[in-house]
Every structure is written in C-alpha cells, then in structure tokens.
Amino acid sequence: QVQLGESGGGLVQPGGSLRLSCAAPRRFFSINAIGWARQAPGKEREFVASISWRGECTYYADSVKGRFTISRDNAKNSVYLQMDSLKPEDTAVYYCALHITSDGPYYTPQTVADFDYWGQGTQVTVSS
C-alpha cells in the first residue's frame, strides 16, 4: 500500500488562492507520474491535473486550465497544486494520486482511471 499525504486545503473566498501539497514515498515518487483529482458532494470523482515523472509535461482538465498549476519537487518527493482565481464550483475534496506503471518520462495521466493509488483527500471550500 502506498501512503500519500495531502495538505493545504481550507476555506477561501471566490477569486482567492490556495496551494495544495502531497508527499509520497521516495521509492514510488521519483519515477512515476502523479496528479490531482477532486470530488464534490453528490458528484463523481473528476480528473484535475497531472505531471510526468520528470516534470516536463503537464495535463489539465479544461475546467481548471489557466487557473491551476501543477508542479513537483523530486528532491522532496512532493507534488503541488497552485490554485488561483478560485470559484465556488471548485469546492470539493481534492485527492493526490499516483500512477505507478512505467509509461516513460513524458507520460501524463488524463483520467481518474489512469491512477493506481490515492491519498485520503483534503477539503477545499470556496465561499464568501
């Protein structure tokens, strides 16, 4: 079992920013793609963003493109999600997720089905 630990969620006003962090075990992190998904109440879990294991390639859901930025620090075994211009519809539990199949250094997961392990999630609420 791979343990992923998210942090950084909270309550923010519309138009505000938050930065989520996720730490993963070193032996799994540095050679695997990783990303984020979210799940709002009553809705299915949806893909948000992903980054290749070298950090050279990223992929975003259309709903967050231009507002969210994913990055990773392989020296710290961590991935980040910078969320700007937040909207009430961004309210959800955000999950860090790891893809462990070796698909090359430029591979980026593009759906929730592409991920193999999940964190416990962190709540993000956008409300005035």
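**Reading salt bridges, rings and strands**

Biologist: Glu46 is partly exposed, with a relative accessible area of 35%. Which residue does Glu46 form a salt bridge with?

Modeller: First, a caution: this is a predicted model. Now the general idea. Opposite charges on side chains can pair when the charged atoms come close. Here Glu46 pairs with Arg38, and their closest N and O atoms are 2.6 Å apart.

Biologist: Is Arg38 buried or exposed?

Modeller: Compare its value with the cut-off. Buried means under 20% relative accessible area. Arg38 has 5%, so it counts as buried.

Biologist: How many salt bridges does the structure hold?

Modeller: It holds four. One of them joins the side chains of Asp62 and Lys65, at 3.1 Å from N to O. Asp62 and Lys65 are both exposed.

Biologist: Which residue forms a salt bridge with Arg67?

Modeller: Asp90 does, with the closest N and O atoms 2.7 Å apart. Arg67 sits in the loop between β6 (58-60) and β7 (68-73), and Asp90 in the loop between β8 (78-83) and β9 (92-98), so this pair ties together parts that are 23 residues apart in sequence. Both ends are covered. Arg67 counts as buried at 11% relative accessibility. Asp90 counts as buried at 1%.

Biologist: Which residues are linked in a network of salt bridges?

Modeller: Arg38, Glu46, Arg67 and Asp90 are.

Biologist: On to rings. How many aromatic pairs does the structure hold?

Modeller: There are four. Read each pair by two values: centre distance and plane angle. Take Phe47 and Tyr59, a tilted pair with 5.7 Å centre to centre and 50 degrees between the planes. Phe47 belongs to strand β5 (residues 46-51) and Tyr59 to strand β6, so the pair ties together parts 12 residues apart in sequence. Phe47 counts as buried, at 9% relative accessibility. Tyr59, at 32%, counts as partly exposed.

Biologist: What does Phe47 form with Phe115?

Modeller: A stacked aromatic pair, 6.2 Å centre to centre, with 10 degrees between the planes. Planes under 30 degrees apart count as stacked, which means that 10 degrees qualifies. Phe115 lies in the loop between β9 and β10 (117-118) and Phe47 in β5, so this pair ties together parts 68 residues apart in sequence. Phe47 and Phe115 are both buried.

Biologist: Which residues form one aromatic cluster?

Modeller: Phe47, Tyr59, Tyr95, Phe115 and Trp118. Next, look for a charge over a ring. The charged end of Arg45 sits over the ring of Tyr95, 3.7 Å from the ring centre. Arg45 also lies over the face of Trp118, at 4.7 Å from that ring centre. Both rings belong to the cluster.

Biologist: Now strands. How many of the seven residues of β9 are buried?

Modeller: Six, so β9 is mostly covered. For orientation: side chains in a regular strand alternate between the two faces of the sheet. Then read the pairing. Strand β4 (residues 34-39) runs antiparallel to β9, and six bridges join them. Gln39 has Val93 of β9 as its bridge partner.

Biologist: In which sense does β9 pair with strand β11 (residues 122-126)?

Modeller: Antiparallel, over three bridges. Tyr94 is bridged to Thr122 in β11. β9 and β10 also pair in the antiparallel sense, over two bridges. There, the bridge partner of Ala97 is Trp118 in β10. Trp118 is also part of the aromatic cluster.

Biologist: Where does Asp116 lie?

Modeller: In the loop between β9 and β10. Asp116 is partly exposed, with 36% relative accessible area. Asp116 and Leu98 are 18 residues apart along the chain, yet their C-alpha atoms are separated by 5.8 Å.

Biologist: Which residues is Asp116 in contact with, leaving aside neighbours within four places in sequence?

Modeller: Leu98, His99, Ile100 and Thr101. Take Ile100 in detail. Its backbone nitrogen lies 2.8 Å from a polar atom of the Asp116 side chain.

Key. Residues numbered from 1 in each chain as written. Predicted model: local features only at pLDDT ≥ 70, side-chain atom pairs only at ≥ 80, totals over all residues. Heavy atoms only, no water. Buried < 20%, exposed > 50% of the residue type's maximum accessible area, 1.4 Å probe, protein only. Helix = DSSP H or I, 4+ residues; strand = E, 2+ residues; numbered from the N terminus. Phe/Tyr/Trp six-rings, centres within 6.5 Å; stacked < 30°, edge-to-face > 60°. Lys NZ or Arg CZ within 6 Å of the ring centre and 35° of its normal. Pairing = 2+ DSSP bridges. Contact = heavy atoms within 4.5 Å. Polar contact = N/O pair within 3.5 Å; in protein donor to acceptor, adjacent residues only side chain to side chain.
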